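Open the model in your viewer and keep the selection tool ready. This tour goes stop by stop.

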Amino acid sequence: MVSTLPSTNQIANSSLRYLETEGSASPNQRLLPLSARVNQHDHLDVGGCDVLDLLHEFGSPLYILDEMTLRAACQQYRQAFAQYYPGDTLVMYASKAWNCLAVCAISTQEGLAIDVVSGGELLTALKAGASPNNIYFHGNNKSYRELHQGVEAGCRIVVDNWHELKTLTTLTSSETPATILLRLTPGIECHTHEYIKTGHIDSKFGFDPDQLEAVFAYVAQQPSLNCIGLHAHIGSQIFELQPHRDLSGVLVQWMETAKRYGLPISELDVGGGLGIRYTETDDPPSITDWAQVVCEHMVTACQAANVPLPRLICEPGRSLIGTACVTAYTVGGQKTVPGIRAYAAVDGGMSDNPRPITYQSVYRVLAANKMSAPLSETVTLAGKHCESGDVIIHDAQLPILSSGDILVIPATGAYNYSMASNYNRVPRPAAVLVQNGQASLILQRETEADLMRYDRLPSYLAG
Ligand code: LLP
């Protein structure tokens, strides 16, 4: 029990240092969910639930998703777009960040449309209650079946390339047309990891600027394709605002060219990309500041070109859901290599968070069962997978650890569950949604039976 209030020094030198008190910070500028607190047992609470109780009930490791933070981020995007853009706006959730029924249902309830990139994501969005004309189907290699699924459901199809364009003409007719947007490569560079840049010319996504006039001319000839918009996405985990300032000008210029070919362009989609805080040195703009820049530059670009304002669309993923989730693990064994390094191993790793090994992403960690204990140790947090690179954090600052301690990694809502795997045949963790002291299971923990479900043993191999 913590009987007295911790001193400033104690806060600075314990996991309490990560509990921001300024409630007004934009979700993407915080390390922890809005509801994160320390409770009277010196444990971390999220959504009014003690993290240790959650692990006791739902098992370890566990994704813990704070409903309040997700809803607040949705609301900030919608309010900012309504405030700063004098025309029609649409905020979409890029569900690749975390696509499951509960998350799609919450974003839909908050009035967001949904961006999907596969038949599976589309199915989930529909089952979660999203209305088809509020679903935008992205992706650079949608199969015939997926395109058919999207057209039949009545979604907007964001066409990435000639192959998709021509396939679409074969599965639509003037009686059953498709409503489409065209994805363009804007030729805009930004500072982020090489793997998550998409706006530069050498990108696998979108039509090349040199091709555009030919694409517009082709689409204008297709009575079964109703092209209402243009789309571009620059990249992800971006802190700069300049690339989005530049993008408005590029999109408006293309809209003008498309209109010369008779295309009734009324929507411009600027993609997503706003970064979040993974460590205290990350300093992204707030959701509101990002939205203000995007809106104001779209207005300026339209005024300069003397054209009416299009419907302005954005499709963030990470900045909506990233900060809303923390992942809790249980400490197992420890190892010290004398004079070199101390390791502590946890019961998950690259199968539930592949971002460190894929993008060298850096995270912070909290000791959820000893929040005010001094951070006296430097420990490398190892995952449980058979791969030396399966390290969640190098040289983390932690209290003296024992087996059974509970560690929490913040900012694991975006691209963690969605990129999770069964590497080493490890079942994927469960996920719970927490709010006001209530925890609801939203993803069941995988079982050994799930792992074996798709195995087939040819009879000649059976012993
Ligand atoms: N729109 C399009 C067309 C996209 O490709 C993406 C992300 C988004 C929107 C959402 O971007 P966000 O707001 O989340 O930055 N797995 C990587 C990130 C890949 C991003 C893929 N596209 C990671 O873990 O960092």
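Select helix 3, residues 67–84, in this predicted model. Show Arg-71 and Glu-67, which both lie in this helix, four residues apart. That spacing is about one turn of the helix. Their side chains form a salt bridge, with the closest N and O atoms 3.0 Å apart. Are the two residues buried or exposed? Both Arg-71 and Glu-67 are buried. Over the whole structure, a search finds 13 salt bridges.

**Next: the two domains**

Colour domain 1 (8–66 + 325–450) and domain 2 (138–316) separately. Their C-alpha centres lie 36 Å apart. The contact between them takes 17 residues from domain 1 and 15 residues from domain 2. Together the two domains bury about 1400 Å² between them. Carbon and sulfur atoms account for 53% of that area. Pick out Asn-28, Gln-29 and Tyr-359 next. These three supply 39% of the area that domain 1 buries against domain 2, more than any other three residues.

How many salt bridges cross the interface of domain 1 and domain 2? The rule finds one. Now select Glu-280 and Arg-364, a salt-bridged pair whose closest N and O atoms are 3.0 Å apart. This pair links distant parts of the chain, 84 residues apart. Glu-280 sits in the loop between strand 11 (267–269) and helix 10 (287–305). Arg-364 sits in the loop between helix 12 (355–359) and strand 15 (366–367). Glu-280 counts as partly exposed because its relative accessibility is 39%. Arg-364 is also partly exposed, with a relative accessible area of 21%.

**Next: another salt bridge between loops**

Select Glu-446 and Arg-428, whose side chains meet in a salt bridge (2.8 Å, N to O). They too link distant parts of the chain, 18 residues apart. Look for Glu-446 in the loop between strand 20 (438–443) and helix 13 (448–452). Arg-428 is in the loop between strand 18 (406–409) and strand 19 (430–435). At 21% relative accessibility, Arg-428 counts as partly exposed.

**Next: helix 6**

Select residues 144–153, which make up helix 6. Which of its residues are buried? They are Glu-146, Leu-147, Gly-150 and Val-151. These lie on the same side of helix 6, because they cover an arc of only 130 degrees around the axis. Turn to the face directed away from the buried side: Arg-145 and Glu-152 are exposed there. Then show what the buried residues pack against: helix 5 (119–127), strand 7 (135–137), strand 8 (156–159), helix 7 (162–170) and strand 9 (178–183). Step past the end of the helix to Gly-154, which has a positive phi, near 90 degrees.

**Next: Val-326**

Find Val-326 in strand 13 (residues 325–337). Val-326 counts as buried because its relative accessibility is 0%. Beyond its sequence neighbours within four places, Val-326 is in contact with residues including Leu-32, Val-46, Tyr-63 and Pro-410.

**Last stop: the cysteines**

How many disulfides does a search of the whole structure find? The count is zero. Select Cys-74: the nearest cysteine sulfur, that of Cys-314, is 11 Å away. For Cys-325, the nearest is that of Cys-100, 10 Å away. Cys-74 counts as buried, at 0% relative accessibility. Cys-325 counts as buried at 0% as well.

Conventions:
Residues numbered from 1 in each chain as written. Predicted model: local features only at pLDDT ≥ 70, side-chain atom pairs only at ≥ 80, totals over all residues. Heavy atoms only, no water. Disulfide = S-S within 2.5 Å. Buried < 20%, exposed > 50% of the residue type's maximum accessible area, 1.4 Å probe, protein only. Helix = DSSP H or I, 4+ residues; strand = E, 2+ residues; numbered from the N terminus. Arc of directions from axis to C-beta. Contact = heavy atoms within 4.5 Å. Domains from an automatic or database assignment. Buried area = accessible area lost by both parts, 1.4 Å probe. Salt bridge = Lys/Arg side-chain N within 4 Å of Asp/Glu carboxyl O.
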